[in-house]
Amino acid sequence: MNDKIVMPVWTIGLFIVVMNTTMFNVSIPSIIQDLNITADLGSWVISSYSIGYALSTVIYSRLSDVVQIRKLLTAGLIVLGLSSVFGLFAREFHTLLAARILQSAGAGVMAGLGLVLASRYIPIERRGSAIAMISAGSAMAFGLGPIVGGIISEYWGWNGLFAITCLVLVILPVLLRLLPKEQPVAFRFDMLGALLTVVNAASLLLAVTQLSGLWLAISGLSFAIHAWHLRRSNDTFINPLLLVNPAFRKLVFIGFCILVLNLGNLFLMPLVLAKVFHQSAMTIGLTIAPGAILSAFLTRFVGRWIDRFGNLRFLYIGHGLLTLVMIAFATLLGASPHVVMIGYLCFSPAFSATMASLNNETSRIMPKPLIGSGMGLMQLIQFFGGSMSVAICGILLEVQRNTSLLQSYKHVYGLLIVVGLCSFGMLLWYGLSRMQTRAEDGSAAN
């Protein structure tokens with residue numbers, strides 16, 4: 001496989017898919033007004049896609065252990081492309097919601113299989129560059145999504161947003177021509193395990209977003225049933241070998257925290273710029289965009305540096321920068337909108353470098369047969385952390401209605417500082433464990 005061609009094309013496709021998660025944010029007021037629905041219903045246009053995207057990511061990753069990547073990519077992008085065409089003609093809420101859910105069912109193929117492809121077919125000495133490119137593409141999509149969404153919504157209406165995602169149908173034949181051909185493998189798909197994974201994630205997220213004791217009880221019951229299923233069955237959807245690997249568990253916790261920081265920050269920044277500094281949607285996008293563009297520009301350098309100096313060094317540097325930006329926002333947020341711009345100029349490249357290093361490190365510690373299921377589970381938990389972050393940030397802002405807006409935002413950023421410190425502490429623990437393992441291996445060799 002010629003990764004110097006395949007990975008840039010794949011990153012373009014991933015950019016379109018990830019941008020689809022943020023383009024609709026700025027259009028929610030228009031959708032609510034045009035379709036005459038409540039704000040609660042309107043929020044499902046975003047949350048339904050996020051939940052489905054996270055769950056389909058792990059399903060495609062898990063299937064990649066036994067199904068050819070070409071077949072999975074074909075199925076995923078056709079579903080995504082055709083559902084986007086369907087969305088162009090949505091004129092009522094139920095058809096819009098159906099289009100978004102169908103989109104999410106196909107969208108996970110790009111995120112789920114991109115890391116699998118890099119981990120499986122790119123030599124470890126160049127893998128860091130490839131994964132850094134994927135991470136930067138995602139970061140840039142997060143930053144540019146609101147700008148693109150604002151422009152399209154203003155001039156063509158919110159239905160026009162679906163036209164952007166239709167472009168994946170153009171990328172599909174190019175990738176099918178470039179991807180390696182794999183041999184089919186006989187397998188038994190754990191449908192019950194996949195269903196339980198979906199119920200685990202969706203019920204826990206609903207319990208948090210709805211502050212529902214009933215959904216919390218359903219979530220607890222589903223986790224108990226899933227644990228019983230893992231003990232009694234073979235070839236389960238979630239591979240138990242991953243759960244007993246202490247290094248993998250530490251990296252999963254770090255990934256969860258990083259996405260909490262990223263999506264929590266991306267949720268809060270537009271609110272601060274709109275509510276405190278009274279900026280328009282277009283101006284907000286232009287304030288956030290430089291950080292995303294810088295992150296994309298630095299991709300080629302960060303990837304080479306990761307390959308040269310190793311993952312841990314950039315995990316430490318990235319964590320430090322992410323936490324420092326959270327501290328700056330918690331203390332200087334009300335001074336000027338330029339604080340947000342400069343902060344995100346540091347935050348976005350740090351996030352991309354941290355995610356690239358984390359995913360590269362995860363692929364390094366796993367045997368090849370577990371790469372698909374391991375990277376899929378890692379991404380599911382990461383996306384789940386991001387969804388939880390947005391929900392909890394929103395709840396915290398709501399309960400602080402009697403506090404000034406600026407202080408409310410600073411308090412939430414204070415919580416994100418705690419998350420960053422917890423993640424950094426886990427990283428230190430992981431680094432010490434890795435050093436100890438190397439020392440023990442060296443003693444055994446002598």
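These notebook entries record what I looked up in a predicted model.

**Ground rules.** I number residues from 1 along each chain as its sequence is written, and side-chain values use heavy atoms, with hydrogens and water left out. Because the model is predicted, local features need pLDDT of at least 70 and side-chain atom pairs count only at pLDDT 80 or more, while totals for chains, interfaces and linings use all residues.

**Domains.** I began with the domain assignment of the protein chain, which gives domain 1 (1-179) and domain 2 (238-441); such bounds come from an automatic or database domain assignment. I found the C-alpha centres of domain 1 and domain 2 to lie 21 Å apart, and the contact (heavy atoms within 4.5 Å) takes 37 residues from domain 1 and 40 residues from domain 2.

**Core.** Next I looked up the largest nonpolar core, which has 130 residues; a nonpolar core is a set of buried Ala, Val, Leu, Ile, Met, Phe, Trp, Tyr and Cys residues joined through side-chain atoms within 4.5 Å. Here buried means under 20% relative accessible area, exposed over 50% and partly exposed in between, with a 1.4 Å probe and protein chains only. The residues with the most contacts inside this core are Tyr53, Leu73, Met326 and Tyr413. Its largest share, 15 residues, comes from H12, and the core draws at least three residues from each of domain 1 and domain 2.

**H12 and H15.** I then turned to helix H12 (residues 246-276) and helix H15 (residues 311-332), whose axes come within 12 Å and cross at roughly 35°. Helices are DSSP runs (H or I, at least four residues), numbered from the N terminus; the axes are lines fitted to C-alpha atoms over the stretch in contact, with angles from 0 to 180 degrees between N-to-C directions. I noted the crossing of H12 and H15 as left-handed, the near helix being turned anticlockwise from the far one by less than a right angle. On the H12 side the contact is made by Ile254, Ile258, Leu261, Asn265 and Met269, and on the H15 side by His319, Leu322, Met326 and Phe329.

**Two residues of this contact.** Leaving aside residues up to four places away in sequence, I found Met326 touching Leu261, Asn265, Phe347, Tyr413, Leu416 and Ile417. His319, also looked up in H15, is buried, with a relative accessible area of 3%. Beyond its neighbours within four places in sequence, His319 is in contact with Ile254 and Ile258, and also with Thr354, Gly420, Ser423, Phe424 and Leu427.

**Leu377.** I located Leu377 in helix H17 (residues 371-399), where it counts as buried at 8% relative accessibility. With neighbours within four places in sequence set aside, its contacts are Val58, Ile238, Leu242, Leu243 and Phe248. As a distance check, I noted Leu377 and Arg304 as 73 residues apart in sequence and 26 Å apart in space, C-alpha to C-alpha.

**Asn239.** I placed Asn239 in the loop between helix H10 (213-232) and helix H11 (240-243); this loop residue is buried, with a relative accessible area of 16%. Not counting residues up to four places away in sequence, Asn239 touches Leu370 and Ser373.

**Ser84.** Last, I looked up Ser84 in helix H4 (residues 69-87), and at 0% relative accessibility Ser84 counts as buried. Apart from residues up to four places away in sequence, Ser84 touches Gln103, Phe162, Thr165 and Cys166.

Terms used
Helix = DSSP H or I, 4+ residues; strand = E, 2+ residues; numbered from the N terminus.
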